[in-house]
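This report describes a single protein chain, moving from model confidence to fold and then to individual residues.

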Amino acid sequence: MIRKLTLSIIAAGFLICGGAVQAASYQFGQLLAGNGPANPYFADLEIIDNGGGNWTFTLSALDLNTIFGSSSFIGSMAIDGVKPTSISTDAAGGVTAVSLKNGGGPGGIYDFRYDMINPKNDKLTGLESVTWHVGGLGSIALPGFNGEMALHVQGIGSNGNSAWYVATSPVPEPETYAMLLAGLGLIGFMVRRRKESVI
């Protein structure tokens, strides 16, 4: 009885520690609209919910020149969801300030966008990354993979086309793997103890 209680407390501790900070990784490359390659994997996005409505975003572009052409860049990320009340940028990767703008996405149907080309010489090009912090989102779940976020790639090919892309698949966080292994180890331990007590 005491052993079962101890194991239950340990399992609950793993769940509490794992739920303290939400984090998710996204890979972009599924064409939503516009003139661009159908399914190129070209960018990673890391989102961390720091609690208290404060989130951190890090967007990293892969080799855009090879995928889209030498003039290509990521200009904005449209979001279908709650708009933050504050934003600050860790200037890097050719972007000195990520700003909040209303609308975005194909036909402007998204709620708002993170704009990375204001002023015009600011833009996220190949093999660069930028980090920004937002506040005022409250305690809401991290975005999913149903098109709630879309990246706008501009300067595609010799005609300078543009296209919108959504995330293709979730990327499990290292903490998720650690929790899974700990859970499997705990289950294995419990099964072994049960076998020993039966014998």
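The model is predicted; its chain averages a pLDDT of 82, and 72% of the residues score at least 70. Among the elements, the lowest mean pLDDT, 47, belongs to helix α1 (residues 2-19), and the highest, 97, to helix α2 (residues 64-68). Over residues 5-19 the pLDDT is below 50, and this stretch has eight contacts in the model beyond near neighbours in sequence. Where pLDDT is low, the predicted coordinates should not be read in detail.

**Overall fold**

Three helices and ten strands make up the elements of the chain. Their order from the N terminus on is α-β-β-β-α-β-β-β-β-β-β-β-α. Of the contacts between residues at least 6 apart in sequence, 68% join residues at least 24 apart. The chain has 199 residues, of which 34% are buried.

Strand β9 (residues 149-156) has seven of its eight residues buried, so the strand is largely enclosed by the rest of the structure. Strand β4 (residues 73-79) and β9 run antiparallel and are joined by six bridges. One of these pairs phenylalanine 73 with glutamine 154 in β9.

The largest nonpolar core contains 34 residues, and those with the most contacts inside it are Phe28, Phe42, Leu59, Ile74, Met77 and Trp132. Leaving aside neighbours within four places in sequence, methionine 77 is in contact with residues including Phe28, Phe57, Phe112, Trp132, Met149, Ala150 and Leu151. A second, separate core has five residues, among them Ala78, Tyr110, Trp164 and Val166.

| Residue | Relative accessibility | Class |
|---|---|---|
| Serine 72 | 2% | buried |
| Threonine 131 | 19% | buried |
| Asparagine 161 | 26% | partly exposed |

Serine 72 is located in the loop between α2 and β4. Its relative accessibility is 2%, so serine 72 counts as buried. The side chain of serine 72 reaches the backbone oxygen of glycine 69 at 2.7 Å. Not counting residues up to four places away in sequence, serine 72 touches Leu64, Asn65, Thr125, Gln154 and Gly155. Gln154, in this list, is also the bridge partner of phenylalanine 73.

Threonine 131 lies in strand β8 (residues 129-135). Why does threonine 131 count as buried? The cut-off is under 20% relative accessible area, and threonine 131 counts as buried because its value is 19%. The side chain of threonine 131 makes a polar contact of 2.9 Å with the side chain of threonine 58. With neighbours within four places in sequence left aside, the contacts of threonine 131 are Thr56, Phe57, Thr58, Thr89 and Asp90. Alanine 92 is 39 residues from threonine 131 in sequence, with a C-alpha to C-alpha separation of 7.5 Å.

Asparagine 161 belongs to strand β10 (residues 161-171). With a relative accessible area of 26%, asparagine 161 is partly exposed. Along the chain, asparagine 161 and glycine 36 are 125 residues apart, while their C-alpha atoms are separated by 7.2 Å. Not counting residues up to four places away in sequence, asparagine 161 touches Asn35, Val153, Gln154, Gly155 and Ile156. Gln154 and Gly155 are also touched by serine 72.

Notes:
Residues are numbered from 1 along each chain as its sequence is written. This is a predicted model: local features need pLDDT of at least 70, side-chain atom pairs count only at pLDDT 80 or more; totals for chains, interfaces and linings use all residues. Side-chain values use heavy atoms; hydrogens and water are left out. pLDDT is the predictor's confidence in each residue, from 0 to 100. Helices (H or I, at least four residues) and strands (E, at least two) are DSSP runs, numbered from the N terminus. Contact means heavy atoms within 4.5 Å. Buried means under 20% relative accessible area, exposed over 50%, partly exposed in between (1.4 Å probe, protein chains only). Two strands pair if DSSP finds at least two bridges between them. A polar contact is a pair of N or O atoms within 3.5 Å; within protein, one must be able to donate a hydrogen and the other to accept it, and residues adjacent in sequence count only if both atoms are side-chain atoms. A nonpolar core is a set of buried Ala, Val, Leu, Ile, Met, Phe, Trp, Tyr and Cys residues joined through side-chain atoms within 4.5 Å.
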